[in-house]
Amino acid sequence: MQVWKFGGTSVGKPERMHSIRNLITADSGRKIVVLSALSGTTNSLLSMGESAKSGNEEELAGKIAELRAHYDAFVKELLVSPEGLANGQQIVEKEFSFIQSVTSIRPFTLKQEKELVAQGELMSTQLFQAYLEEQGESSVLLPALEFMLIDADNEPVLSHTEEALGQMLLQHADKQLVITQGFICRNPRGEVDNLKRGGSDYTASLIGGAIRAEEIQIWTDIDGMHNNDPRIVRKTFPIRELTFEEAAELAYFGAKILHPSTITPAKLRGVPVRLKNTMEPEAFGTLIATKSSDREIKAIAAKDGITAVYIHSTRMLNAYGFLRRVFEVFEKYKTPVDMITTSEISVSVTIDNPENLEAISAELRQFADLEDHDYNQTIICIVGNFSADKEGVALKVLEAMKNIPIRMISYGGSEHNISILVDGKFKADALNALNERLFYYEDAMKGIFTAP
Ligand code: ADP
Ligand code: ASP
Ligand code: MG
C-alpha cells in the first residue's frame with residue numbers, strides 16, 4: 001500500500017482534481033490519498049480568524065463571501081452531473097454555515113481558530129470524494145480527526161494512528177482508494193488541532209510510517225527537491241536521490257517543499273519518500289531513502305526568523321559547568337537550539353522560537369553576561385557528504401561568502417551539514433553566491449551538470 005499526498009496547488013483547480021483522479025487510478029495499487037486544502041484557503045481562513053479576533057465584522061463578512069464565491073464556482077466546474085453538483089453544493093453550504101457560526105463566537109480564541117482552519121482540508125477532501133463518487137470510483141473518505149492525534153507536547157502519537165487507522169482500513173478492505181485530510185488532528189483535550197503550516201506532508205509521512213507503507217509520495221508543483229530555493233536563486237535543478245538524513249536536514253533548515261518534520265516517521269519505519277510533480281508526472285522527481293549519489297555537496301536551504309543569543313561566562317563559574325547550565329535553561333523553556341558555536345569563555349546559540357526569550361535571558365543573566373540579541377537572522381544550511389577525509393569544502397563555502405558578513409559558522413556537528421548564520425538581509429546574495437560557487441563553478445568546467 002502507498003500513501004500519496006497532494007498539496008494545495010495540486011488540488012487548487014477543478015481540472016487539477018480531474019488530473020489527480022487520473023493519476024491515482026492509472027496505477028492499480030491500493031492507496032491512501034492525503035489532501036491539503038485548496039491553495040489560498042488556509043491563508044484565507046486564518047485571515048478571517050484575524051478579523052474575528054479584532055471584531056471587525058464587516059471585513060469578516062467580506063472575506064467569508066469572497067471565499068464562498070470561490071467554492072461556488074469551483075463545484076460548478078468540478079462536478080458535472082445534476083446529482084454530483086447538488087451533492088457538492090450541499091457540502092459547500094454545510095461548510096460555510098459552520099464557518100459563519102464559528103467565526104461569530106466572541107471572544108474568538110485559539111480553539112475556534114483551529115476549528116476554523118481545519119475546514120480547508122475538510123472541504124477539499126469532501127469535494128474530491130464527491131467527484132470520485134460521481135465518476136463511479138470505489139473510494140472511501142476516512143476522517144483524519146479519528147486517527148491523527150498529538151500529545152501535550154504537540155508531538156504526533158504514531159501508535160494511535162497505527163491502531164485506529166489500521167482498524168478503519170480493515171473495515172474498508174474492499175476500497176482501493178482511501179481519501180483523508182492532511183494537516184488536521186486532535187489534541188489530548190479532544191479538540192481539533194493541526195500539525196502547523198505545511199503539515200499535510202507530515203500527515204502523509206506519519207500515515208506511511210504507521211501502516212508501514214511501501215512508499216510515500218508527495219505530489220506538489222515542482223519536479224522534486226531542488227539544489228537551492230527556486231524562489232530566490234536564479235538557476236536550480238532537481239536532485240534525483242537524497243538520503244533520509246540529507247532530506248531531513250534540508251526540510252528542517254527551510255526547504256519549503258517539505259514540512260520540517262516530514263522525514264522523521266518515514267525514516268523511523270524505513271519507508272522511502274518520493275517527491276513528484278503533479279503538473280509533470282513523468283519527471284523523475286526525488287527519491288529519499290537510504291542511499292544517495294556520491295556527490296559531495298547536494299543542496300542548500302535557508303531558515304529565516306532566527307534569533308542569535310550571545311552568552312559570556314562570568315568568572316565565578318568553573319568553565320566545565322557552564323555549558324550544562326546554559327542548555328538547562330533552554331531545556332526548561334522547551335526551546336530547541338539550532339546552531340551553537342563556542343570559544344573559551346563564550347557560547348553563541350540560535351533559536352527559531354523567541355516566545356520565551358525574555359524569561360530565558362533573565363535566567364541566563366543569573367550566571368552569565370549577555371550581549372544584545374540579533375534578530376531576523378537566517379541560517380544557511382549546506383547539505384552533503386562532508387566526511388572528515390573530504391578536503392576543501394569549507395574553503396569553497398568561505399570563498400563564496402567572501403563579500404557577505406558571517407555571524408556564526410558550524411562545521412563538524414554532523415557529516416552532512418555546514419551551517420552559516422547571516423543577517424536576513426544578506427540571504428538572497430548568500431544563496432546565489434553559494435549556488436554559483438558550489439554547483440556551477442567547477443562542474444560547468446568539467447561538464448558534469450547541465451542544469452535544466
Ligand atoms: P504544496 O502546496 O504542494 O505543499 P509547497 O508550496 O508547500 O507545496 O512546496 C512547494 C514549493 O516549495 C515549490 O513551489 C518551491 O517554490 C518551494 N521550494 C522551496 N525550496 C525548495 C527546494 N529546495 N526544492 C523544491 N522546492 C522548493
Ligand atoms: N493547508 C495547510 C497549510 O496551508 C497544510 C498544508 O497545505 O500542508 O499550511
Ligand atoms: Mg507544503
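Trainee: Are Phe 237 and Phe 439 buried or exposed?

Mentor: Both Phe 237 and Phe 439 are buried. Buried means under 20% relative accessible area, exposed means over 50%, and partly exposed lies in between, with a 1.4 Å probe and protein chains only. This is a predicted model, in which local features need pLDDT of at least 70 and side-chain atom pairs count only at pLDDT 80 or more, while totals for chains, interfaces and linings use all residues. Residues are numbered from 1 along each chain as its sequence is written, chains are lettered from A and ligands numbered from 1 in the order in which they are written, and side-chain values use heavy atoms, leaving out hydrogens and water.

Trainee: How many aromatic pairs does the structure hold?

Mentor: A pair of aromatic rings is described by the distance of the centres and the angle of the planes. Rings of Phe, Tyr and Trp (its six-membered ring) pair if their centres lie within 6.5 Å; planes under 30 degrees apart count as stacked, over 60 as edge-to-face and the rest as tilted. The structure holds 9 such pairs. In one of them, the ring centres of Trp 4 and Trp 219 are 5.3 Å apart and the planes stand at 35 degrees, so this pair is tilted. Trp 4 belongs to strand E1 (residues 2-6) and Trp 219 to strand E7 (residues 215-220), 215 residues apart, so the pair links distant parts of the chain. Helices (H or I, at least four residues) and strands (E, at least two) are DSSP runs, numbered from the N terminus.

Trainee: Which relative accessibility does Trp 4 have, and which relative accessible area does Trp 219 have?

Mentor: Trp 4 has 4% and counts as buried; Trp 219 has 3% and is buried. The pair of Phe 237 and Phe 439 is edge-to-face, with 5.8 Å from centre to centre and 80 degrees between the planes. Phe 237 is in the loop between E7 and strand E8 (241-243), and Phe 439 is in helix H14 (residues 427-446), 202 residues apart.

Trainee: Which residues form one aromatic cluster with Trp 4?

Mentor: Phe 6 and Trp 219 form the cluster with Trp 4. In E7, Trp 219 is the bridge partner of Phe 6, and in E2 Leu 35 stands opposite Phe 6.

Trainee: In which order do the strands of the open sheet lie?

Mentor: Two strands pair if DSSP finds at least two bridges between them. Here 8 strands form an open sheet in the order E3-E4-E2-E1-E7-E9-E10-E8, with mixed pairing. Its edge strands, strand E3 (139-141) and E8, each pair on one side only. E1 runs parallel to E7, joined by 5 bridges, and E1 also runs parallel to E2, again with 5 bridges. Strand E2 (residues 31-35) and strand E4 (residues 177-181) are parallel too, joined by 5 bridges; there Val 33 stands opposite Ile 179 in E4.

Trainee: Why is E1 largely enclosed by the rest of the structure?

Mentor: In a regular strand the side chains alternate between the two faces of the sheet. E1 is largely enclosed because 5 of its 5 residues are buried. Gln 2, Trp 4 and Phe 6 lie on one side, Val 3 and Lys 5 on the other, and both faces are covered.

Trainee: Which residue lies over the face of Tyr 252?

Mentor: A charge sits over a ring if NZ of Lys or CZ of Arg is within 6 Å of the ring centre and within 35 degrees of the ring normal. Lys 303 lies over the face of Tyr 252, at 3.7 Å from the ring centre. Arg 274 lies over the face of Phe 284, at 5.9 Å from the ring centre.
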